[in-house]
Every structure is written in C-alpha cells, then in structure tokens.
Amino acid sequence: MTIRTAPVAATFLLAAVMTAQDRTAATECVIIHTSGDYTIPAGVLLSSRQTTQRIFKRAGFRIVFTSSKVELKRSKCIPIQVEFTAKEPAGNLAHSLAYALPFQDGSTQIRVFLARVLRSPCAIECGIRLGYVLSHEIGHVLEGIDYHSEKGVMKTAWEKTDFAQMGRDELAFHQDDVELMHAGAAAKLRRSLEARTR
C-alpha cells in the first residue's frame with residue numbers, strides 16, 4: 001500500500017465516544033501473531049493494537065494479538081502472521097509502508113516496514129497510523145483478494161481528509177469491504193481448521 005502521509009490529530013483518540021456500530025457484537029475472531037526485528041515503543045504498540053481492534057469491532061470482528069506461536073496454533077480464531085521489519089523494500093515496494101500476501105496461508109502474510117510508519121518520534125499518533133496500516137493489510141488477507149476501495153480503510157492511498165478522519169476515529173471499512181472480509185474469513189477459517197485436523 002502506498003500512503004500519502006499527513007499529521008494525525010491524536011488528541012481525539014481518547015475522547016472518542018463509542019457509536020452504535022462499536023457496540024455491535026463481534027462475530028468472528030482473528031488472532032494476529034506478530035514477530036520481527038524491530039522494537040516498537042510500548043505506547044505506540046498499545047495505541048496501534050487498540051486502533052486495530054476498534055476498527056475491526058465495527059466490522060464485526062474480534063482481534064486478538066499474540067507473540068506466542070503455541071497460542072496461534074491452539075486458537076480457534078482465524079490466524080494471520082505479521083512481521084515487523086526494519087529493512088527498506090526495493091523495486092515496486094519502494095514507496096510502500098507494508099504489503100500483504102492475501103493468498104498465502106501458514107507463514108508470514110503481512111510485512112510492515114516500521115521505519116517508514118514510525119518515521120518520527122511519536123506515541124499515540126504513530127500508534128494510530130500503525131493501527132490503520134495493520135487494518136488495511138489484515139483486510140486484504142481476510143478478503144483473500146487483491147482489491148482496493150474508493151473509500152475508507154481499504155483505499156489505495158490515504159489523503160489529508162482520511163488522516164483527519166483517523167484522528168477523529170471516523171475512518172472505517174466501506175460496507176462492501178465488510179461483506180468481502182466476512183465471506184473470505186469464513187473460507188479461511190474452514191481451511192485453517194481442516195489443516196489442524198490433518
């Protein structure tokens with residue numbers, strides 16, 4: 001994903017009020033296993049996870065984070081593996097913050113270039129940005145297709161208005177993406193459970 005960056009107004013994060021969509025019961029569980037060679041400040045990590053969980057809760061998903069491969073294998077949730085890396089990408093990824101491999105199961109499906117996401121000292125603001133980058137790539141994996149929307153989290157490129165919405169906790173998945181994610185998640189969970197019983 002290529003993203004046009006702009007400052008995010010982080011002051012709205014803690015003041016955000018839960019909407020009716022937030023209260024919708026999450027129906028599907030996704031477990032995210034994180035690994036990599038990059039140290040993330042604790043405040044940024046917490047903010048990114050809270051942002052990701054909040055975005056997906058509105059779409060009907062419960063997100064669980066783990067660094068344990070044992071927990072990943074035992075969980076009945078849809079497994080997704082994320083690698084954080086300090087390496088700079090080349091070629092057609094030269095301007096990307098992250099990328100997903102939506103058709104891959106059982107190994108790294110998302111790689112995040114953290115030096116680009118966390119390009120300046122910050123806490124909540126970088127956490128929000130990282131949470132949206134993660135949500136975008138997790139969305140690709142759940143949909144199981146290489147698709148971008150014209151609106152919302154799954155846009156090809158975010159602009160100033162999108163970053164402003166992030167700061168107000170308003171940027172969400174378009175309804176088409178929600179439907180694609182639920183359809184893709186059902187198939188992914190079925191394959192995951194079948195693989196564990198072999």
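Trainee: Which residues does T34 touch, not counting residues up to four places away in sequence?

Mentor: In this predicted model, T34 touches R49, F65, T66, S67, V82 and F84. You can find T34 itself in strand 1, residues 28-36.

Trainee: Why is T34 called buried?

Mentor: Buried means under 20% relative accessible area. T34 has 12%, so the word buried applies.

Trainee: Good, I can follow that. What makes Y99 and F113 a tilted pair?

Mentor: Start with the distance: ring centres must lie within 6.5 Å to pair, and for Y99 and F113 the value is 6.0 Å. Then take the angle: planes under 30 degrees apart count as stacked, over 60 as edge-to-face and the rest as tilted. At 40° between the planes, Y99 and F113 are therefore tilted.

Trainee: Where in the chain do Y99 and F113 sit?

Mentor: Y99 is in strand 4 (residues 98-100) and F113 is in strand 5 (residues 110-113), 14 residues apart. Y99 is buried at 18% relative accessible area, and F113 counts as buried at 5%.

Trainee: How do you know whether W158 is buried or exposed?

Mentor: Set its value against the cut-off of under 20%. W158 has 0% relative accessibility, so W158 counts as buried. Y132 is buried as well, with 1%.

Trainee: How many aromatic pairs does a search of the whole structure find?

Mentor: The search finds five. There is also an aromatic cluster, formed by F56, F61 and F173.

Trainee: Which residues touch the most other members of the largest nonpolar core?

Mentor: They are I80, V112, L130, L142 and F173, in a core of 41 residues. Helix 4 (residues 124-143) gives this core its largest share, nine residues. Apart from this core lies another one of five residues, including C29, V64, L72 and C77.

Trainee: What is I80 in contact with, leaving aside its neighbours within four places in sequence?

Mentor: Its contacts include V30, I31, I32, L72, I110, I138, V141 and L142. H33 and Q109 are also among them. In soluble globular proteins, nonpolar side chains tend to be buried together.

Notes. Residues are numbered from 1 along each chain as its sequence is written. This is a predicted model: local features need pLDDT of at least 70, side-chain atom pairs count only at pLDDT 80 or more; totals for chains, interfaces and linings use all residues. Side-chain values use heavy atoms; hydrogens and water are left out. Helices (H or I, at least four residues) and strands (E, at least two) are DSSP runs, numbered from the N terminus. Buried means under 20% relative accessible area, exposed over 50%, partly exposed in between (1.4 Å probe, protein chains only). Contact means heavy atoms within 4.5 Å. A nonpolar core is a set of buried Ala, Val, Leu, Ile, Met, Phe, Trp, Tyr and Cys residues joined through side-chain atoms within 4.5 Å.
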